[in-house]
Amino acid sequence: MSLTEEELTMQITGDSSGTDSLDDVAEDVVEQSVIAPDLKRLSRQTGEGSQELRPLQEIVIAGGPWPELEGDGQTMIINMGPQHPSTHGVLRMMMELDGETVVRAKPVIGYLHTGMEKTGEELTYVQGATNVTRMDYVSPLSNELVFATAVEQLLDVEVPERAIWMRMMLVELNRISSHLLFQATNGMDMGAVNMMLYGWREREEVLRVLEIITGLRMNHNFIRPGGLAADLPDGWQEAVLGVCEQVEAGIADYDKLLTENPIWQSRTVGVGVITTEQCMALSITGPILRSTGFPWDLRKTQPYLAYDQVDFDVIYTDNGDCYDRYRIRLFEVLESVKIVRQCVAKMPGGDYRVQDKKITPPPRARIDESMEALIHHFKLFTEGFRVPPGETYARIESPRGEIGCYLVSDGTGKPVRMHVRGPSFYNLQAISPMMEGRMVADAVAIISTCDPIMGEVDR
Amino acid sequence: MGMEQVGHNFMTGQLEDVVQWARRRSMWPAAFGLACCAIEMMAAGGAHYDLGRYGMEVFRASPRQADLMIVAGRVSQKMAPVLRQVYDQMVEPKWVISMGVCASSGGMFNNYAIVQGVDQIVPVDVYIPGCPPGPETLMHGILNLHEMVRTGEIMKRRSANNGGAGIEIANVLPTDSAPTPVTISIADHSSSTLAV
Amino acid sequence: MTEAAFAYTTPTDALVAKFAGSVAIESHGQSVVHVEKSSLADVVEYLRVSEEFTMCLDVTAVDHLQDVERAQIPGIKRERFEVVVNLISHPRNIRIRLITQVPESDPSVPTLTSSFSGTSFPEREVYDMFGITFDGHPDLTRILMPDEWVGHPLRKDDAPARVPVTFKGDPGPR
């Protein structure tokens, strides 16, 4: 569907059905603000003075007759992680439990902090894609695309048509593989262990096509500033269309297996509910925002690459629970398949990278013939190219939400600051409101449905 | 089992073979997937590359039930004590595979945040290069480990084998509340010390 | 909200008119407004309430200690650090970026958590990486580095971006 301005404004104000959170918000804030963010309730969660959760009540054990437990009794603080069987990386959750109910939950991160932003200041712009690609390691081409877009904005170059369409096709293939991984890990976390095998079966096919095109299964380093590293190989159309059919068959299988399954529904319907107001206050984008009834997808609202020339729908639902997010990601795979098919049909000819000798290395064969080509190659791969001073913020829609790259340059060959706005870092703030009041057994479901990738959380 | 101390004759030789067969044919890995290599480790456990043919598809969540720790991914400063704690919780005999270049040597991230090689913290038996190593490379490393278990080479004392990084760790447990820097010295090699 | 509610044509004009010391520029097609450090929280609250900026996307910082070349902006005194805030308005489908200069001698900025609770994590990250404190933040502790880490790694004069590679049997530092 194409969104008009009316449709965009429809869901912002006052839709507080299904949650009692707005009762806590101060009245004057509600009157003044366009959106009533859930301030007090959220600030209560970050009210600790340190990393550790302290118990809210003090217990004195005196050795004599044990004190009578009144009401609900004491709460217990438990720690989940950073090494735990839920396959979402090194996330540590500290939860305060009252029986089985979670009273407070706090995510502790930093266990995968790699200093990638510091390394980004040390590598040249040509090498930068190798660094950025390892942040969101499940959809590496999205990271590379946002970094390359930021560099191209600073350089003020336009990439050729073919490069744009190739990038779009690769990023959509990556979206498919990322959502398949979500289906696999989400299923396994909830106990449907066979989903791990099914999801990986289709994902292997997509990775095989990506290997045919880019040369690697993961961390491709293929989308570089100025275009792409290489052209599409012969026979790519059959490979890509073949994988589209396999993925569609796989998605139909998952749908048959899980969507009407009463066990699946009782584990996900109504679990981990979040509202649009909470998403707006907590900087949450991506499928989580779309599950609350707000159809915001950067590919439609602020199109980049050639998304305004292909036909696809934005998937969104109304309830904001885990079941909705599972279904959104399921159907987004089908939309991505639609886009990939259109890319195959409409792929233009031409160059796959900008023909600017100062940015793009020469073809390898020319290095034997031309001294100038040799010198350019040498300079580009040792020093890199220089970027005029400036700052810019490039953003695309990754499978997890809005990924942005804030790049500041000072005229040399290395950035002053390369900051990546990884969506999972902000989406993790959704876990606390989703978990409060739920049972501890839902904790894994809620973490899984936020689909955090710790590589881009901690960078 | 303490078969290593018993002198071998033809009867204990047969028993030793059975023990090694059992150890390598059902070596259960502990789930220690950290970053991108974890995705390839999960792919190796998937249907296409199937670690189940070696009896290894069950990734045990509890380190007490695991034999093998595959350190898959980059180990940050905050994660290093957790890694050591999980390794200590595993029961002998235990093996460590360092999967990927980040775990083996710090990889492309030689900066303040990443431990430059997980062998600074735990003794490693097999190093697997790659960024990330494909599932076939991981399986090659695992089969190497199985071979080392089969020949009994891995049970010999490390110094006799001239294996490992040869690192001795002193002053690991600080007695007071303020954390003291851990001194790591390299034994039998140069006299330089790395203060961590 | 109807367009008639806005007396100014663009939010940048409104900001420059309402908040003294603000300078609006355009950077590669994106609106950027340089604001005073003391008015940062008020500017963000104004944008949220009156200009329909519904989400704060990102709060980050830059250290310009070793810049080879740095653009001069008339009316703005350049300091060592900059704090950068990116905002988006979903109903109006526009974005804006706010940049404020933060001197090394007084690295503190008012917090934005009272306007957007989701700035809690990024402000902690800026504190952890740069040492810039956010006054009024409910839980300003380290988020990425271990709690007992000393220093602020993303500062240019702090942790080195490349540590020397060590080898067993290495004769000395390379």
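Which residue in strand 2 of chain C stands opposite Ala24(C)? I looked it up, and Val33(C) stands there.

I noted the ground rules next. The model is predicted, so I take local features only at pLDDT of at least 70 and side-chain atom pairs only at pLDDT 80 or more, while totals for chains, interfaces and linings use all residues. Residues are numbered from 1 along each chain as its sequence is written, and chains are lettered from A and ligands numbered from 1 in the order in which they are written.

**Chain C, strands.** I use helices (H or I, at least four residues) and strands (E, at least two) as DSSP runs, numbered from the N terminus. Two strands pair if DSSP finds at least two bridges between them. Strand 1 (residues 23–27) pairs with strand 2 (residues 30–35) of chain C in the antiparallel sense, over 5 bridges. I found 2 residues between these strands in a hairpin, and His28(C) in the turn has a positive phi of about 55°. Strand 2 of chain C also pairs with strand 5 (residues 94–102) in the parallel sense, over 4 bridges. There, His34(C) has Ile99(C) as its bridge partner.

**Chain A, positive phi.** I checked Asn221(A), which is not a glycine, and found a positive phi of about 55°. Asn221(A) sits in the loop between helix 8 (194–214) and strand 4 (223–224) of chain A. Asn221(A) counts as buried because 21 C-beta neighbours lie inside 10 Å (buried takes 20 or more other C-beta atoms within 10 Å, with C-beta atoms placed from the backbone).

**Chain B, cis bond.** I found a cis peptide bond between Cys131(B) and Pro132(B), with omega about -10°. Pro132(B) lies in the loop between strand 4 (126–128) and helix 5 (135–151) of chain B.

Note on methods:
Buried ≥ 20, exposed ≤ 12 C-beta atoms within 10 Å, placed from the backbone.
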